[in-house]
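Okay, thanks for making time, everyone. I'd like to walk you through a few spots in this one, so let me put it up on the screen.

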Amino acid sequence: MARTETTAQWQKNLIKQDEIDRYLSSGKDFIDDEAIENEIKANSSASPERIREIVKKAFDIKLMDSADVAALLSVTDPALKEEIFAAAREIKMKVYDKRVVTFAPLYCSSKCVNACSYCGFRCGNEAIERRVLSLDEVEAEARVLASKIGHKRLVMVYGEHPDTDADYIAETMCRVYSIKDPVRGGVGEIRRVNINAAPLPIEGLVKLREAGIGTYQVFQETYHHDTYRKVHPEGTLKGNYPWRLYALHRAMDAGIDDVAVGALFGLYDWKFEVMGLVAHARDLEKRFGLGPHTVSVPRLEPAADTDFSWVKHWVSDEDFRYLIAVIRLAIPYAGLIVTNREKPEMIRSVIKMCTQRDADTRVGIGAYSDAFPETEAGAINHQQEEKQQFMLGDTRSLDAIIRELVDMGHIVSFCTAGYRCGRTGKKIMDALSSGQEGCFCKLNAVLTFQEWLEDFATGDTKEKGSKIIDKEMEEIRARVPADFSKAQLEHLEKGLLRIRAGERDLYF
């Protein structure tokens, strides 16, 4: 698509002030820094009895009151923390069962007009190679992900730049959805494309909805106003705090009913950021009747030619594990995503509280095609600092990660059926809050996992995966008719047999 306006004109025209003002209350946004700090202080000495009452209420699967969240954040007693960890694992099981969803990010560009002090892709960083993938290059990357690795779900990531506007994002999504490659017994394809991109006006978000967007992710990075100003220079697009804060509100008004929140832990005090995430969920619930579909918890990681000497709020491993537990209790219906920014041992320690993780991840531009050349798939497995936004802690293959998840007792789900049949937004949130979704999704979780095992798994992974599916089937049969009708059970059993026999008339 030919562009006639300059970058400066594009930046000037992008932000629509009326698409901020409509959400403000008396001219203010919903994050009150002083009130949050005061609430943390006021609840800093909560008794063990009160903490246990708060934990008990969390099993109602409702968004937690902010004072109760602040009280949980104050806990220091190791034994009481262990009770909270145990509750977080139980709530994850109640809402999502044993399922863990895997995905991969696909970075489409390294061009960006912003100057975020923590980001390797910031404008002016000469250590980074700047590229925007062509549609053919996007397709080549997605073919590796869909047909060599076996992913069904992507998060496509874009810098904020006129070359990667809403039209480009929509075109790349459509190109990815067009891939249908033959694999062992089925088809390599991406069935759900989530988008991690800069805030857009409602007009641009409608284009993404029409192109088939899954979840729209915009992370506030930090909810603390002063810190936000310090790390996002004034005069840049990202320097506009309320434009970013209300990105998901605009998405809802554009008809995108699956949105995702997140904070970059380390920019400011992690307790404040957890309170900010809960406040974000509350304002979405208040205005639209549903909160975020997922919550992400990335920590600051090294990036090319990026100075972090100014950082005063690094999050320790102990605090990171605990903040995940608090978020699981505070926003219990939401999916909780831990990423390959973290090292394998950290992910293993929190995955029973989480619902999603990435695998076989590359965060460089064109990195999947580089890592999987046609002649020798998987021969290259290293990171290239000058091509990626930050450095990863876990670069293992999807097969290896699935094998580990199976060893830990998880069912790996590649199901995306709910999104195509309209089970999104309020429908899925109601099902999650009631606990029905964890049972309902078992059917397609089992079927899609078996599908992946047949099409992509190595021998050992396939053997282990098939065994855990058989074990899961025994549990499902034992629960009929409490959670499933006999017709559903018959559908599931026949589907498994057909997949194992190489018959693929099912569509997930």
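**A buried leucine, a helix pair and some rings**

Let's start with Leu277, which sits in helix H13, the helix that runs over residues 270–288. Before I go further, keep in mind that this is a predicted model. So, is Leu277 buried or exposed? Its relative accessibility comes out at 0%, and with the cut-off for buried at under 20%, Leu277 counts as buried.

Who's around it, then? If you skip the neighbours within four places in sequence, Leu277 is in contact with Tyr223, Val261, Gly262, Ala263, Phe265, Val295, Ile327 and Ile331. Take Val295 from that list: 18 residues separate Leu277 and Val295 along the chain, and their C-alpha atoms are 8.2 Å apart.

Okay, on to a helix pair. In general, you describe two packed helices by the angle between their axes and the distance between the axes. Here I mean H4, residues 48–58, and H5, residues 66–73: their axes come within 10 Å and cross at roughly 125°. Angles of 65 to 115 degrees would be roughly perpendicular and over 145 roughly antiparallel, so H4 and H5 end up oblique to each other. As for the hand, H4 passes H5 in a left-handed crossing.

Which residues do the touching? On the H4 side you've got Arg50, Ile51, Ile54, Val55 and Lys57, and they meet Ala67, Asp68, Ala71 and Leu72 of H5. Sort that contact by class and you get six nonpolar residues, three charged and no polar ones.

Last topic, the rings. How many aromatic pairs does the structure hold? There are 12. Let me show you Tyr23 and Tyr246: ring centres 5.4 Å apart, planes at 20°, so that pair is stacked. What I like here is that the pair links distant parts of the chain, 223 residues apart. Tyr23 is in the loop between helix H2 and helix H3, while Tyr246 is in the loop between helix H11 and helix H12. Both Tyr23 and Tyr246 are buried.

For another geometry, look at Phe308 and Trp314: the centres are 5.8 Å apart and the planes sit at 65°, so we call this pair edge-to-face. Phe308 is buried, with a relative accessible area of 13%, whereas Trp314, at 48% relative accessibility, counts as partly exposed.

Technical notes
Residues numbered from 1 in each chain as written. Predicted model: local features only at pLDDT ≥ 70, side-chain atom pairs only at ≥ 80, totals over all residues. Heavy atoms only, no water. Axes fitted to C-alpha atoms, helices over the stretch in contact; angles between N-to-C directions. Helix = DSSP H or I, 4+ residues; strand = E, 2+ residues; numbered from the N terminus. Parallel < 35°, antiparallel > 145°, perpendicular 65-115°, else oblique. Left-handed = near helix turned anticlockwise from the far one by under 90°. Contact = heavy atoms within 4.5 Å. Nonpolar A, V, L, I, M, F, W, Y, C, P; charged D, E, K, R; others polar. Buried < 20%, exposed > 50% of the residue type's maximum accessible area, 1.4 Å probe, protein only. Phe/Tyr/Trp six-rings, centres within 6.5 Å; stacked < 30°, edge-to-face > 60°.
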